Amino acid sequence: MPSLSGLYQDVILEHNRAPRNFRSMEDADRHAEGRNPLCGDQITVWLKLDGDIVSDVSFQGAGCAISKASASLMTQAVKGKTRAEVERLFQRFRQLVTGALPAEATENLGKLAVFSGVAEFPIRVKCASLSWHALKAALEGSGEATSTE
Amino acid sequence: MTVAFPVRTSDRPATPPLDVARLRADFPILATQVHGKPLVYLDNAATTQKPRAVIGAISHYYSAENANIHRGVHWLSERATLAYDGVRAKVARFLNAGSPHEIIFTRGTTESINLVAQSYGRTFLKPGDEILITAMEHHANIVPWQLLAEQVGVVLRPAPISDTGELELDAFEALLNERTRLVSVVHLSNALGTINPVKQIVALAHARGIPVLVDGAQSASHLGVDLAELGCDFFAFSGHKLLGPTGIGVLYGREALLERMPPYQGGGDMISSVTFERSTWAPVPAKFEAGTPHIAGVIGLGAAIDYLETVGFGAIAAHERDLLTYASEAVASIPGIRIVGTARERASILGFTLDGVHPHDIGAVLDHEGVAIRAGHHCAQPVMRRFGVPATARASFALYNTRAEVDVLVRGLHQVKRVFG
């Protein structure tokens, strides 16, 4: 049986209550919006690039605890990383929340590993991935709103 | 703090209360355990559960009567045709329509509204003509008109609603003008539970010669519909929200209007004659039912109507009113809860938010208590925007729900507060 406490781990609840980097960024180099049309969740991700490195990142929006905490933890995880590192991290994160990541590989994910419980709740995968899709769109500079659908 | 939420009653004759325990036994799915707990199904506005009578009728049709309709000369086809057209007459009686010819079978409310938009709208509306709706419509009563606006150049106007979720009738009336060609309003709002004053709306529109479509997706199963009394020109509803199967719905249209409307889709069963140069159409309602219809769905819908009529709408309405009043007061007394939709006239739907907790998270925690509610925008994003919320949680009641189930919901909401507190 899927475990509710496995989904709503303390770290997730804490980031939901007090999300990090939860602000708009006026001097951002890039930003992109992510929307989940099925539930109406909406998130905007801003970032600054220093060459190839994500030097600052922030977000704002409305969403469930999973999407909010995921965005918050994402901003912490990607700050200071290169585009290629961010892309690899997103790939591993996606594997984690869809249950496709071998257990021994989760430790490379650091704090993001708290989202392992999402794999038991397939409908919440989109909540956990929303901010990552927006980040990817911002990095690719498409400037268009991205959608989980 | 206890907040009173009286739900005003419409005048109905007194009826004996429902024997809910007995009635629940008619719905096999209600015995389901979810995460080890008894299912508390409070998502009836999305779809209702099905009684054995409906499941059995569909099963019997496929086991004993399956054939295509309106063409076979053989025994089975005759049986299927009789059963299919028998339900048409039953629906006409159920809605108190003038004639079975006014009943068109569709896939559901959405297709019914699209049919009117594409057949009536594309034929009779011109650039600059206005369609008046309300600010509490489901997307199904917004988007078909927007498609028409792109095709024809009509203008869509939404009449405002108040903070309690009631239509502002004066503003509605002020929006009726010489360019208004159609009024399309929801009977019972799926997001707010508001019952619209359809009779008054129809009177205002008809006084100006404007036809009225009523979206009855929610009302048909809760209020009991009398078209002769409502007076509207089109009425749409879905079978699956009325204890019937998915994929079947109804469009009622006034015969004089249907006669003038061109077909919605072309194909078999809707023609009078076909040559490569030209085809002519069958009379209504066949003109609007191209192709082999959802015969089993129609049979199931007929069984659902029989079931509801046996239980009785007076008793159903009284029971659901009691549940809604009980649930509104209990839920509203939880600190941090805000009820969204507090119209004086409402039915069966309780929308709410909880401070600091997103409705999806409310839904996920309740699910683990066995409670099924809906969380999200309810296909009514303009309503969410009007109330300044991204989404709401919604408990919606049906004839088989109980006060004990409302108690489980309330305990679940306290659990939500403990998890996210």
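Mentor: A definition to begin with: two strands pair if DSSP finds at least two bridges between them. The model discussed here is predicted.

Trainee: In which sense do strands β5 and β7 of chain B pair?
Mentor: Strand β5 covers residues 130-134 of chain B, and strand β7 covers residues 180-186. One bridge sets B:Glu130 against B:Thr180 of β7(B). With three bridges between them, β5(B) and β7(B) pair in a sense that is parallel.

Trainee: How many of the seven residues of β7(B) are buried?
Mentor: A residue is buried if 20 or more other C-beta atoms lie within 10 Å of its own. By that count β7(B) is mostly covered, and the number of its seven residues that are buried is six.

Trainee: Through which helix does the chain cross from β7(B) to β8(B)?
Mentor: The strands β7(B) and β8(B), the latter residues 212-215, run parallel and are joined by four bridges. In one place B:Val183 stands opposite B:Val212 of β8(B). The β-α-β crossover from β7(B) to β8(B) is right-handed, and its helix, residues 198-206 of chain B, is α7.

Trainee: Which elements do the buried residues of α4(B) pack against?
Mentor: Twelve of the 16 residues of α4(B) are buried. Among them are B:Thr109, B:Ile113, B:Leu115 and B:Tyr120. The elements of chain B they pack against are β4, α5 (143-152), β8, β9, β10 and α10 (255-260).

Trainee: Which are the edge strands of the open sheet of four strands in chain B?
Mentor: The order in this sheet is β13-β14-β17-β16, with antiparallel pairing. An edge strand pairs on one side only. That holds for residues 337-340 and residues 374-376 of chain B, which are β13 and β16.

Trainee: In β17(B), which residue is the bridge partner of B:Gly376?
Mentor: Strand β17 of chain B is made of residues 392-396 and runs antiparallel to β16(B), with three bridges joining them. One of these places B:Gly376 against B:Thr392.

Trainee: What angle does the direction of helix α12 of chain B make with that of β14(B)?
Mentor: Helix α12(B), residues 313-332, packs on the sheet and touches β13, β14 and β17 of chain B. The buried residues of α12(B) include B:Ile316, B:Leu323 and B:Val331. Its direction and that of β14(B) make an angle of about 5°.

Trainee: Which residues touch the most other members of the largest nonpolar core?
Mentor: This core has 160 residues, and its largest share, ten residues, comes from helix α11 (residues 295-311) of chain B. B:Cys232 has contacts beyond four places in sequence with B:Val198, B:Val202, B:Val212, B:Leu213, B:Val214 and B:Leu227. The residues that touch the most other members are A:Val45, B:Cys232 and B:Phe235.

Trainee: Which element supplies the largest share of the side of chain B that touches chain A?
Mentor: In chain B, 15 residues are in contact with twelve residues of chain A. At least two residues each come from α13 (359-367), α14 (381-386) and α15 of chain B. The largest share, four residues, comes from α13(B).

Trainee: Is A:Asn36 buried or exposed?
Mentor: A:Asn36 is placed in strand β1 (residues 30-36) of chain A. Because 22 other C-beta atoms lie within 10 Å, A:Asn36 is buried.

Conventions. Residues are numbered from 1 along each chain as its sequence is written. Chains are lettered from A and ligands numbered from 1 in the order in which they are written. This is a predicted model: local features need pLDDT of at least 70, side-chain atom pairs count only at pLDDT 80 or more; totals for chains, interfaces and linings use all residues. A crossover is right-handed if, with the strands pointing away from the viewer, the path from the first strand over the helix to the second runs clockwise. Two residues are in contact if their C-beta atoms, placed from the backbone, lie within 7 Å. Axes are lines fitted to C-alpha atoms, for helices over the stretch in contact, and angles run from 0 to 180 degrees between N-to-C directions. A nonpolar core is a set of buried Ala, Val, Leu, Ile, Met, Phe, Trp, Tyr and Cys residues joined through C-beta atoms within 7 Å.
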